[in-house]
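My entries follow in the order I looked things up.

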Amino acid sequence: MRTKFRVLASTAIATLLIAGHASAETLEDAIAGAIATNPQLEAQRVQSEIARESLEQARSRGRPTVTAGASAGYQYTDTNSPFSLSNGDSQALSAQVQAVQPIYTGGRVAAGVRQATAGIDAAEAQYDAAEQDLILQVVTGYMNVRRDRETVSIRQNNVDVSAEQVRAAEDRFEVGVVTRTDVSLAKARYEGARASLAGAEAALETSIANYTLLTGIVPADLAPPPPVPMLPASLEEATQIGLETNPDMIAARHSERAAMEAIEVARAQGRPSVNLVGTAQTQESFTSARNVQQSSLSAVAQGSIPIMTGGLVKSQTKAARLQRDQARRQIDLLDRSIRAQVAAAWFGYEATQRAIEASKRQVDAAEIAYDGAKEELAVGVRTTLDVLDQEQQLFEARLAVVQAERDAYVAAHQLLRATGQLSAPLAQ
């Protein structure tokens, strides 16, 4: 099953360009901003334009060419020939127009056009690959910011709860219920919570910086991402789709086509060629004795056959074959790489789904255990350390849910990228 997001509406990109530094609220806005402003994607777009110009250049080799030339000069002649009429000073003017139409090029022009067409297809597939890579980076960056913000919130809550634990321990110590060791344990856990919060805040700043680098937008309140799109039904189906539609593989196949046509271009250098040449020329000379004017008009067919090229054609043909073989090895390498990427993303997504379910059950159990530990501490059945341990387990379980949800969403989009199905979602 092949599922693709729809392309972003042009109005979304235009809105982002006008908004400038306005913060993205949705994942769609973030992707639109990245596609509209990312310099690497723009460079790949220019590469596609260069490939199109290569096609125009290849076609031009089969079209007529016209050249015009003119000359003017001064000449002095001194001769003792009795028949010379040009002794002394003379001036000469000449003009020529020549048109050349290739008639037969040994297949060089046709092969060059096919080679350039394959180059355009490869460049467009490479642009698609670059765009999908960028979308995956934006999705990852978006989810990282959301994850790190939730992590900071949980860590801050942990600091607040730990501070309350310190105050409660000090109060119990004052009335002789707990020892100074219990107070120290609570303070140590509090300082640890503060250190973890500082680390989470640093990680958040890093994620924000990376997000801004990708999209050109400083994130404000990021909305929940859209649901994960429909994925292939099985690993085998995902692998087959990836081998057929992954843009890296498509680009490699077109590059192989281009390399095969390059062999024909090289071979054609050693074949005969025929051109139709038309020439119109006029020449006029001025002397003290007389003016002489000559005009001519000709149309001829010119043929040439390479006899010896010093091994150039043979070497060029061999180099073209080697490039074709190299392109085929690249396809083999991509085949293995895509299979590995699809499998890693597939099993990674399945694992994160199970991790989410387990982490949520862990949170439920940890909440019950923490509440019970606090009640048992009040009646002297539990120690302060027991409560602190249960509290830490609860916060770690909540963090595990946040991480697992982020990992699952990213893994799903990694699978889409590996199968060549990742494109910009439609802005709502």
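In which strand is Ile103 found? I found Ile103 in strand β2, which covers residues 88-104.

**Ground rules.** I am working with a predicted model, where local features need pLDDT of at least 70, side-chain atom pairs count only at pLDDT 80 or more, and totals for chains, interfaces and linings use all residues. Residues are numbered from 1 along each chain as its sequence is written, and side-chain values use heavy atoms, with hydrogens and water left out.

**Overall layout.** I noted 9 helices and 4 strands in the protein. For my own reference, helices (H or I, at least four residues) and strands (E, at least two) are DSSP runs, numbered from the N terminus. Reading from the N terminus, I get the order α-α-α-β-β-α-α-α-α-β-β-α-α. Next I looked up burial, where buried means under 20% relative accessible area, exposed means over 50%, and partly exposed lies in between (1.4 Å probe, protein chains only). Of the 428 residues in the protein, 38% are buried. I also checked contacts (heavy atoms within 4.5 Å). Among those between residues at least 6 apart in sequence, 83% join residues at least 24 apart.

**Back to Ile103.** Why do I call Ile103 exposed? Its relative accessible area is 55%, so it passes the cut-off for exposed. Together with Tyr104 and Leu276, Ile103 makes a nonpolar surface patch of about 300 Å². I jotted down the patch rule: residues need over 30% relative accessible area and no salt bridge, like charges are joined within 9 Å, and nonpolar side chains (Val, Leu, Ile, Met, Phe, Trp, Tyr) within 5 Å. A salt bridge here is a side-chain nitrogen of Lys or Arg within 4 Å of a carboxyl oxygen of Asp or Glu. The areas come from the Shrake-Rupley method with a 1.4 Å probe, and for residues only the protein chains shown count as cover.

**The cores.** Then I went inside, looking for nonpolar cores (sets of buried Ala, Val, Leu, Ile, Met, Phe, Trp, Tyr and Cys residues joined through side-chain atoms within 4.5 Å). The largest has 51 residues, and Ile31 and Val138 touch the most other members. Among the elements giving two or more residues to this core are α2 (27-37), α4 (108-174) and α8 (312-378). Helix α4 gives the most, with 12 residues. A second, separate core has 14 residues, including Ile154, Tyr370, Val387 and Val401.

**Helix α6.** I marked α6 as largely enclosed by the rest of the structure, because 8 of its 11 residues are buried. Among the buried ones are Leu235, Glu237, Ile241 and Thr245. Thr239 lies in this helix too, and is buried with a relative accessible area of 13%. Leaving out residues up to four places away in sequence, Thr239 touches Arg339 and Val342.

Is Thr317 buried or exposed? Thr317, found in helix α8, is buried, with a relative accessible area of 8%. The side chain of Thr317 reaches the backbone oxygen of Val313 at 2.9 Å. Not counting residues up to four places away in sequence, Thr317 touches Ile263, Ala266 and Arg267. Lys318 is also placed in helix α8, yet Lys318 is exposed, with a relative accessible area of 56%.

How values were computed:
Polar contact = N/O pair within 3.5 Å; in protein donor to acceptor, adjacent residues only side chain to side chain.
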